[in-house]
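Hi,

Here is the structure I said I would pass on.

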Amino acid sequence: MEVSPETPATSTPGRARRADMKIGIIGAGNIGGNLTRRLTALGHDVSVANSRGPHTLKELADETGATPVRAEEAARGAEIAVVTVPLKAVPDLPSGLFDEAADGLAVIDTGNYYPQRDGRIAGIEDGGLTESRWTARQIGHPVVKAFNGTYAQDLLDRHRPAGDPERMTLPVAGDDEAAKRKVRDLIEELGFDTVDAGGIDDSWRQQPGTPVYGLRGGVDAVTRALAEASPERPEEFRG
């Protein structure tokens, strides 16, 4: 979908809060940890996993009330799962990761490709895949791209009620409209507006090096930044 500054697909202020959900978070780094903090504070039932095992998540669990689990258990019964691990770790995630998830599971991909960290990924560099399309193929499940250009600390500090003039807007891309709507509703509950950034093949518009990446702006600024993006990967993000 071509995003135009004149016709943004934006969030709906005042949308009713939905019932608490079971949410699985795979990855407990900066984004995963702060999502755990915010989502548990909102009353959601959060399971969180990392690559080192549940025993290493005791401090986060004690702080938030989240349930520390193994990665293969994180999405069990979940309506939303968040994959927030370095791209180089995605192929090593357990198989069948989402086999026991709830029907209609939405999987959020927060990842970014940094060749200096992840090594060169041919499917992205040579195959022309967007980062999230590559991730979706690796995990065997469609994804919704969100939070990839969000500063982790902003999840704790910059959320605002609907209608607040300082409320930030986040781009959200995905092919499954129902899953994308579920993710957008969750982001709005977290205190941010959203803009529909199109399908996963359009998600290059929010990859590292694009105008929207790291942008702390409102609906108009984010919509304009998406429209101004170039499909050419910046040199500093090539392997």
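**What I found**

Start with A81, which stands opposite V107 in β5. Bear in mind throughout that this is a predicted model.

A81 belongs to strand β4, residues 80-83. Strand β4 is covered on both faces: I80 and V82 are buried on one side, and A81 and V83 are buried on the other. On to the neighbours of β4. Strand β5 covers residues 106-109 and runs parallel to β4, with four bridges joining the two. Strand β1, residues 22-26, is also parallel to β4 and is joined to it by four bridges.

Next, the aromatics. How many aromatic pairs does the count come to? The count comes to one. That pair is Y114 with F237: the ring centres are 6.3 Å apart and the planes sit at 45°, so the pair is tilted. Y114 is in the loop between β5 and α3 (115-118), while F237 is in the segment after α8 (219-228), so the pair ties together parts that are 123 residues apart in sequence. The two partners also have their own accessibility values. Y114 is partly exposed, at a relative accessible area of 22%, and F237 is buried at 15%.

Then there is R167, in the loop between α6 (152-157) and β7 (169-174). Is R167 buried or exposed? R167 is buried, with a relative accessible area of 7%. What does its side chain reach? The R167 side chain reaches the backbone oxygen of E188 at 3.4 Å, and a polar contact of 2.8 Å joins it to the side chain of D193. If you leave out neighbours within four places in sequence, the residues in contact with R167 are R160, P161, A162, E188, G191, F192, D193, G217 and G218.

Last one: K58, in helix α2 (residues 58-64). K58 is exposed, with a relative accessible area of 54%. Its side chain makes a polar contact of 2.7 Å with the side chain of D62. For a distance across the model, the C-alpha atoms of K58 and Q153 are separated by 21 Å, and these two residues are 95 apart along the chain.

That's the lot from me.

Cheers

Note on methods:
Residues numbered from 1 in each chain as written. Predicted model: local features only at pLDDT ≥ 70, side-chain atom pairs only at ≥ 80, totals over all residues. Heavy atoms only, no water. Buried < 20%, exposed > 50% of the residue type's maximum accessible area, 1.4 Å probe, protein only. Pairing = 2+ DSSP bridges. Polar contact = N/O pair within 3.5 Å; in protein donor to acceptor, adjacent residues only side chain to side chain. Phe/Tyr/Trp six-rings, centres within 6.5 Å; stacked < 30°, edge-to-face > 60°. Contact = heavy atoms within 4.5 Å.
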